[in-house]
Amino acid sequence: MKLDIVFAGVGGQGIVVLSDIFCEAAMLDGFDVTKAEIHGMAQRGGSVTAFARISEKVETPLIETGKVNIIIGFEILETTRALHMLTPDGTVIVNTKYLKPNNFSKNIKPKTQQELLSIIKNAATNIYEVNASNMANQLGNNLTTNTILLGALSALHNMPIKRESFEKAIAAKLKEKYLQINMQAFELGRQSVQNNVHKT
């Protein structure tokens, strides 16, 4: 079993934490794991991308363009920027939040949320639209957005990592006072995929 995943978003969204938890869960299940990160101007909302590879034996840490199995998109624009990495039969879990870029020229009109979603739907075989930001706000803590996305990832039918391993990894990474709300967020994410009809 081999699985290559990209976590794509902007600084401050918890991308590194989420990818760390995913890798820890994979190791708990006995997988060989490698991870790499690319940071833009994270403190200013710049792009942040993390790459994770799991297998019985990972031969190289690098993921080739067009070979990623799953993209976890923390917002729509960064998700579209990562699409070139996806396999033709790949899966995208995208938080439907849209962070409008502030660095466009006045003569260039940025694409709308719906235009970006259309691009994603045309590029991926399986798409799960998860309003993780709204769910996190309903829980009363927008910092749980990344845990909601982790829950969604854990519920994919081809995910080889056990739910219990994800939960153990969350408990090991987060402070105890934040654990209950993050477990609720994890369950919300799982339900969002289990109740979501996806494109094939």
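With which residues is Met85 in contact, leaving aside its neighbours within four places in sequence? In this predicted model, in which local features need pLDDT of at least 70, side-chain atom pairs count only at pLDDT 80 or more and totals for chains, interfaces and linings use all residues, the contacts of Met85, defined by heavy atoms within 4.5 Å, are with Phe51, Ile63, Glu64, Thr65, Gly66, Lys67 and Val68. Residues are numbered from 1 along each chain as its sequence is written, and side-chain values use heavy atoms, with hydrogens and water left out. Met85 lies in the loop between helix 2 (76–81) and strand 5, where helices (H or I, at least four residues) and strands (E, at least two) are DSSP runs numbered from the N terminus. The C-alpha atoms of Met85 and Gly66 are separated by 4.3 Å, although the two residues are 19 apart along the chain. With a relative accessible area of 8%, Met85 is buried; the term buried stands for under 20% relative accessible area, exposed for over 50%, and partly exposed for values in between, with a 1.4 Å probe and protein chains only.

Helix 2 also contains Thr80, which counts as buried at 16% relative accessibility. Beyond residues up to four places away in sequence, Thr80 touches Leu116, Ile119 and Ile120. Ile119 itself belongs to helix 3 (residues 113–123) and is partly exposed, with a relative accessible area of 34%. Its contacts, leaving aside neighbours within four places in sequence, are with Thr80, Leu83 and Lys111, and the C-alpha atoms of Ile119 and Leu83, which are 36 residues apart along the chain, are separated by 9.0 Å.

Among the strands, strand 1 (residues 2–10) and strand 3 run antiparallel and are joined by nine bridges, the criterion for pairing being that DSSP finds at least two bridges between two strands. Within this pair, Asp4 stands opposite Arg53 in strand 3. Strand 3 (residues 47–55) is largely enclosed by the rest of the structure, because eight of its nine residues are buried. Ser19, located in helix 1, is likewise buried, with a relative accessible area of 0%; not counting residues up to four places away in sequence, Ser19 touches Phe7, Lys35 and Ala50.

An α-helix has 3.6 residues a turn, so residues three or four places apart point the same way. In helix 4, Ala132, Ser133, Met135 and Ala136 are buried. These residues cover an arc of only 160 degrees around the axis, which puts them on the same side of helix 4, the arc being that of the directions from the helix axis to the C-beta atoms. The elements that cover the buried residues of helix 4 include strand 5 (86–95), strand 6 (126–130), helix 5 and helix 7 (179–194). Just after helix 4, Gly140 takes a positive phi of about 90 degrees. In helix 6 (residues 163–173), the buried residues include Ser165, Phe166, Ala169 and Ile170. These cover an arc of only 140 degrees around the axis and therefore lie on the same side of helix 6, whereas Lys168 and Ala172, on the other side of helix 6, are exposed. The cover over the buried residues of helix 6 includes helix 1, helix 5 and helix 7.

Grid points are joined across faces, edges and corners, and a volume is the space filled by probe spheres set on the points. The largest pocket holds about 430 Å³ of space. Its lining comprises 20 residues, of which Gln13, Asn142, Leu143, Thr144 and Asn146 are the closest to the centre. Helix 1 (15–28), helix 4 (132–139) and helix 5 (145–154) each supply at least two residues of this lining, and the largest share, three residues, comes from helix 5. By class, the lining has seven nonpolar, twelve polar and one charged residues, where Ala, Val, Leu, Ile, Met, Phe, Trp, Tyr, Cys and Pro count as nonpolar, Asp, Glu, Lys and Arg as charged, and the others, Gly among them, as polar. The count of cavities of 30 Å³ or more comes to one. The largest cavity, with a volume of about 30 Å³, is lined by Thr91, Asn126, Tyr128, Leu156, His157 and Asn158, and this lining divides into two nonpolar, four polar and no charged residues.

How values were computed: On a 1 Å grid over the protein atoms alone, a cavity is a set of points where a 1.4 Å probe fits but cannot get out, and a pocket is an open set with protein on both sides within 12 Å along at least five of seven lines; lining residues have an atom within 4 Å of a point.
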